[in-house]
Amino acid sequence: QLQFVESGGGLVQSGDSLRLSCAARGFTLVDYAIGWFRQAPGKEREGVSSISTRGPQTNVADSVKGRFTISRDNAKNTVYLQMNSLKPEDTAVYYCAGQKTGNSWYAPPIDERVYEHWGQGTQVTVSS
């Protein structure tokens, strides 16, 4: 069964850093472009970043540009989201999602409609 598992969330203070992980269980992550999304209470899900299967191409939302970095280690079957200079408005449940693609240079748009498979999410809470 294809499964994405997010981890690394927690409670931090404003200005701190966290690194989220998205692990693939039961399949090979290299076949999937990956996106990170987040959903704050009472708000719609928002795209954060995406990365191509081999990692050279990425997209980053303006709201996190310069603070968040997406990367992947296909040997470890894991995609990461490094989050620096966290702000209270970054508080949300963070999800990773995958789109199967044979194009290693394609980083999908950060639009939830193009992703086929989703994890259960990990909570990030940033206190002021």
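Student: Let's start with a strand pair. How many bridges join strand E3 and strand E8?
Tutor: Strands are DSSP runs of E with at least two residues, helices are runs of H or I with at least four, and both are numbered from the N terminus. Two strands pair if DSSP finds at least two bridges between them. Leucine 18 stands opposite methionine 83 in E8. Strand E3 (residues 18-25) and strand E8 (residues 78-83) are antiparallel, and the number of bridges is six.

Student: Before we go on, what kind of model is this?
Tutor: Residues are numbered from 1 along each chain as its sequence is written, and side-chain values use heavy atoms, with hydrogens and water left out. Local features need pLDDT of at least 70, side-chain atom pairs count only at pLDDT 80 or more, totals for chains, interfaces and linings use all residues, and the model itself is predicted.

Student: Which strands are the edge strands of the open sheet?
Tutor: The sheet has four strands in the order E1-E3-E8-E7, paired antiparallel. Each edge strand pairs on one side only, and these are strand E1 (3-7) and strand E7 (68-73).

Student: What does the twist average from one strand to the next?
Tutor: Angles here run from 0 to 180 degrees between the N-to-C directions of axes, which are lines fitted to C-alpha atoms (for helices, over the stretch in contact). From each strand to the next, the average twist is 20°.

Student: Stepping back, how many strands does the secondary structure of the protein chain come to?
Tutor: Read along the sequence, the pattern is β-β-β-β-β-β-β-β-β-β-β. There are zero helices, and the strand count is 11.

Student: What radius of gyration does the protein chain have?
Tutor: The value is taken over C-alpha atoms, and the globule rule is 2.2 Å times the number of residues to the power 0.38. Along its principal axes, the C-alpha trace spans about 40 × 30 × 25 Å. A compact globule of 128 residues would come near 14 Å, and the chain agrees with that at 13 Å.

Student: Which residue in E8 stands opposite arginine 72?
Tutor: E7 and E8 run antiparallel and are joined by six bridges. Within this pairing, the residue opposite arginine 72 is valine 79.

Student: Which residue in the turn of the E7 and E8 hairpin has a positive phi?
Tutor: Most residues other than glycine have a negative phi. The hairpin has four residues between its strands, and the one in question has a phi of about 60°. At 19% relative accessibility, it counts as buried, and it is asparagine 77.

Student: Where is serine 85 found?
Tutor: Serine 85 also has a positive phi, of about 50°, although it is not a glycine. It is partly exposed, with a relative accessible area of 41%. Its place is the loop between E8 and E9.

Student: How many salt bridges does the structure hold?
Tutor: A salt bridge here is a side-chain nitrogen of Lys or Arg within 4 Å of a carboxyl oxygen of Asp or Glu. One of them joins aspartate 111 and arginine 113 at 2.6 Å, N to O. Aspartate 111 is partly exposed at 21%, whereas arginine 113 is exposed at 71%. The total is six.

Student: How far apart in sequence are the parts that arginine 67 and aspartate 90 tie together?
Tutor: Their closest N and O atoms are 2.7 Å apart in a salt bridge. Arginine 67 lies in the loop between strand E6 (58-60) and E7, and aspartate 90 in the loop between E8 and strand E9 (92-100), so the separation is 23 residues.

Student: Which residues are linked in a network of salt bridges?
Tutor: Glutamate 46 pairs with arginine 38, with their closest N and O atoms 2.8 Å apart. Glutamate 46 is partly exposed at 30%, whereas arginine 38 is buried at 7%. Arginine 67 and aspartate 90 are both buried. The network is Arg38, Glu46, Arg67 and Asp90.

Note on methods:
Buried < 20%, exposed > 50% of the residue type's maximum accessible area, 1.4 Å probe, protein only.
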